[in-house]
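Here are some notes on side-chain contacts, written for a reader who is new to looking at structures. Please keep the structure open while going through the points.

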Amino acid sequence: MASLATRPAASAPDGTAAAETGLLTARTADAYQDLLDQVTRDVAERLRTVRAPSVGPDRRRLEQLVEGVDLDGPGVGDTAALTEADSLYAGNAVWFHHPSYLAHLNCPVVLPAVAAEAMLAAINTSVDTYDQSLVATLMEQRLVRWTAERIGFTAGDGVFTSGGTQSNLQALFLARSRAERAADEDRAALLPRLRVLATDAAHFSVTRSARLLGLSENAVVAVPADAAGRMDAAALREALTALAAAGALPMAIVATAGTTDRGLIDPLPEIAQATRAHGAWLHVDAAYGGGLLLSRTRRHLLDGIEHADSVTVDYHKTCFQPVSSSALIVRERADLAATAHHADYLNPAAEAASEDAEPNQVDKSLQTTRRFDALKLWTTLRSLGPDAIGDMVDACCDLAAEVRELLAEDPDLHVLGTTDLSTVLFRFRPDGLDDARTDALQPLIRRILFHSGRAMVARTTIDGTPWLKLTLLNPETTLLDVAAVLDLVRATGRGLLAGSRLAAPEETR
């Protein structure tokens with residue numbers, strides 16, 4: 001295969017030599033096929049041979065490797081550049097498919113979606129306007145309607161986004177727009193009065209979105225949770241009443257269907273009832289729990305979601321899609337009009353108002369240029385069917401239940417509370433260890449495992465207490481796989497305790 005550094009120049013129409021550009025065209029189609037063969041062979045070999053989630057993040061070594069690459073020098077050619085990328089990136093990546101990766105909301109990805117990713121990258125469709133995308137726009141719209149129907153929106157609409165953070169931002173923007181339309185006052189007077197209600201377990205993007213939308217510093221009001229960690233509906237009603245009495249205006253309530261730390265689903269029917277009584281916007285952040293829309297055994301956990309005004313769904317969490325693949329879905333199509341802005345060079349207002357207006361997705365999106373990420377989900381649904389995806393989600397949730405049972409019988413590892421999805425919080429705490437030393441050990445255990453590369457778990461803090469966290473999003477991971485990681489946690493903790501005893505002065509031992 002000829003690389004960019006060695007390929008002969010092509011002939012221009014006038015017979016002169018054309019400059020070699022490396023563009024993907026009819027002329028370079030064979031080279032494209034060869035390059036993808038090289039990449040897929042290299043990645044497939046790594047998938048076959050990796051023995052741990054990572055090689056261990058020696059940051060100084062990685063910094064040296066990155067800084068040692070000359071980005072201003074002459075090109076080395078396609079083959080050499082991709083071989084280097086395999087060594088630098090793939091050789092030092094974190095592998096989410098490995099059964100000892102149990103840390104964050106990262107899932108292994110299904111084959112048809114990965115193949116579709118290659119297709120959409122090569123064609124490079126932008127789904128901002130119909131004249132750039134044609135059938136891609138129609139396919140995305142169909143998937144949006146399909147998701148809306150799964151939620152229970154009979155006439156819903158929406159748009160694909162880069163992820164839950166963008167979806168949550170747009171949802172709160174729509175809520176603010178509705179509040180502005182309903183209020184009989186100008187924006188400068190209104191914004192300081194607007195409030196967003198959510199629990200402390202809501203995603204951090206809620207608070208950041210409120211700041212980006214120009215709301216006041218105290219705009220996000222924390223609603224107390226119940227003993228399990230879900231939003232307390234009675235406390236929500238009390239908070240709404242108190243805000244109204246103080247002259248504040250509840251702009252939106254954000255319910256979470258799958259909290260990041262504990263995988264809990266807020267009581268959606270009760271929250272919807274309280275929200276309606278105060279005329280506020282109800283947004284359900286189901287970035288994590290949206291996969292339950294496909295579950296044949298747990299769909300009922302999302303009962304009440306059909307009463308929301310907007311819903312965030314991250315297909316790249318629990319539908320096993322490559323990043324990014326997310327959507328914001330709204331119950332009323334007209335609410336998306338607040339996002340629209342018309343430019344003569346892109347989506348002229350006159351054309352948008354015509355009887356046969358082109359379906360320009362940019363009218364609904366915060367983004368302009370936007371990848372055709374919907375293709376991945378489309379291909380997955382056609383290949384596997386939604387029931388198979390739902391069964392994979394259920395397998396992850398079932399595994400979490402099994403792990404919790406295992407931890408409940410472990411004298412050294414203590415499990416916290418419950419979950420509706422696939423997260424498990426626990427602590428290494430053998431008998432006789434006091435609170436202070438237990439608290440100090442948890443982040444050290446995580447860090448040692450992280451730097452070893454052998455296993456990856458996450459950590460968080462609940463009510464001031466540090467916990468280790470397992471996020472189980474691999475339906476092929478087994479209880480034995482998780483038990484092996486728990487053994488590493490236990491061994492690491494005991495090693496730290498033994499080391500601290502040896503380091504202590506003799507009179508304190």
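The points below cover ring pairs, charges over rings, and salt bridges.

1. Please keep in mind that this is a predicted model. The distances and angles quoted below should be read as values from that model.

2. There are two aromatic pairs. One of them joins Phe 96 and Tyr 101, with ring centres 4.9 Å apart and 55° between the planes, and this pair is tilted. Phe 96 is partly exposed at 30% relative accessible area, whereas Tyr 101 is buried at 5%.

3. The other pair is Phe 160 with Tyr 315. Their ring centres are 5.3 Å apart and the planes meet at 25°, so the pair counts as stacked. Phe 160 belongs to strand S3 (residues 157-161) and Tyr 315 to helix H12 (residues 315-318), so the contact ties together parts that are 155 residues apart in sequence. Both Phe 160 and Tyr 315 are buried.

4. Two arginines sit over rings. Arg 427 lies over the face of Trp 467, 5.2 Å from the ring centre. The charged end of Arg 446 is placed over the ring of Phe 450, at 5.4 Å from its centre.

5. Side chains of opposite charge can pair when their charged atoms come close. The structure holds 32 salt bridges. One of them is between Arg 60 and Glu 63, with the closest N and O atoms 3.6 Å apart. Why are Arg 60 and Glu 63 separated by about one helical turn? Because they are three residues apart in helix H2 (residues 59-67). Arg 60 is exposed at 53% relative accessible area, and Glu 63 is partly exposed at 37%.

6. A second example is the salt bridge of Asp 261 with Lys 469, where the closest N and O atoms are 3.5 Å apart. This pair links distant parts of the chain, 208 residues apart: Asp 261 is in the loop between strand S6 (249-256) and helix H11 (268-277), and Lys 469 is in strand S13 (residues 465-471). Asp 261 is partly exposed at 24% relative accessibility, while Lys 469 is buried at 6%.

7. Asp 309 and Arg 331 also form a salt bridge, at 3.0 Å from N to O. They are 22 residues apart, and each lies in a loop. Is Asp 309 buried or exposed? Asp 309 is buried, with a relative accessible area of 6%; Arg 331 is partly exposed at 27%. Both belong to a network of salt bridges that also includes Arg 178, Arg 181, Glu 332 and Asp 335.

Definitions and conventions:
Residues are numbered from 1 along each chain as its sequence is written. This is a predicted model: local features need pLDDT of at least 70, side-chain atom pairs count only at pLDDT 80 or more; totals for chains, interfaces and linings use all residues. Side-chain values use heavy atoms; hydrogens and water are left out. Rings of Phe, Tyr and Trp (its six-membered ring) pair if their centres lie within 6.5 Å; planes under 30 degrees apart count as stacked, over 60 as edge-to-face and the rest as tilted. Buried means under 20% relative accessible area, exposed over 50%, partly exposed in between (1.4 Å probe, protein chains only). Helices (H or I, at least four residues) and strands (E, at least two) are DSSP runs, numbered from the N terminus. A charge sits over a ring if NZ of Lys or CZ of Arg is within 6 Å of the ring centre and within 35 degrees of the ring normal. A salt bridge is a side-chain nitrogen of Lys or Arg within 4 Å of a carboxyl oxygen of Asp or Glu.
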